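Please look over the sequence and the model shown here before reading on. The briefing is meant to be read side by side with them.

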Amino acid sequence: MINGNINEFMDKLWDGEELIYVYNGKKYFSQGYSTDKNIYVFELQMWEPKEVLLWRICGKDNQESFEEFLKTPLFDGKTFWEIESNVEWVDF
């Protein structure tokens, strides 16, 4: 992880905190939250070069959502762990 501590980043990601990071020239935003019906939602958006919702998982708890995020190839066909050393944390 560039400009940040990966353990701190993972803790914040697990907690569902809003995170902004850059990989391969693209800016990403992730967050987790509970809806008014007490359903946990975790999502990944790309903010640049264009804004688009890339991935959303609903109805699982934060641990299950976290695990799905880490194993799903969301970043140019790669998982988070495959790109982690090239991710720049820009909002800490």
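The model is a predicted one. Strand 3, which spans residues 40-48, is mostly covered, with 7 of its 9 residues buried, and this strand pairs antiparallel with strand 2 as well as with strand 4.

**Strand 3 and its pairing with strand 2**

- Strand 2, made up of residues 26-34, runs antiparallel to strand 3, and the two are joined by 8 bridges.
- Within this pairing, Tyr 33 has Val 41 of strand 3 standing opposite.
- Strand 2 and strand 3 form a hairpin in which 5 residues lie between the strands, and Asn 38, located in that turn, has a positive phi of about 60°.

- The bridge partner of Gln 45 is Leu 53 in strand 4, while Met 46 stands opposite Val 52 of strand 4.
- Strand 3 and strand 4 likewise form a hairpin, here with 3 residues between them.

**Ser 30 in strand 2**

- Ser 30 is found in strand 2, and this residue counts as buried because its relative accessibility is 0%, where the cut-off for buried is under 20%.
- The side chain of Ser 30 is joined to that of Tyr 21 by a polar contact of 3.2 Å.
- Leaving aside residues up to four places away in sequence, Ser 30 touches Leu 13, Glu 17, Glu 18, Leu 19 and Tyr 21, together with Phe 42, Glu 43 and Leu 44.

**The largest nonpolar core**

- The largest nonpolar core comprises 23 residues, and those with the most contacts inside it are Phe 9, Leu 13, Tyr 21, Leu 44, Phe 69, Phe 75 and Phe 80.
- At least two residues of this core are supplied by each of helix 1 (6-15), strand 1 (19-23), strand 3, strand 4, helix 2 (62-71) and helix 3 (80-83).
- Strand 3 gives the most to this core, contributing 4 residues.
- In soluble globular proteins, nonpolar side chains tend to be buried together.
- Phe 80, one of the core residues with the most contacts, touches Met 1, Ile 6, Phe 9, Met 10, Phe 69, Leu 70, Phe 75 and Val 87, again not counting residues up to four places away in sequence.

Notes: Residues numbered from 1 in each chain as written. Predicted model: local features only at pLDDT ≥ 70, side-chain atom pairs only at ≥ 80, totals over all residues. Heavy atoms only, no water. Buried < 20%, exposed > 50% of the residue type's maximum accessible area, 1.4 Å probe, protein only. Pairing = 2+ DSSP bridges. Polar contact = N/O pair within 3.5 Å; in protein donor to acceptor, adjacent residues only side chain to side chain. Contact = heavy atoms within 4.5 Å. Core = buried A, V, L, I, M, F, W, Y, C linked by side-chain atoms within 4.5 Å.
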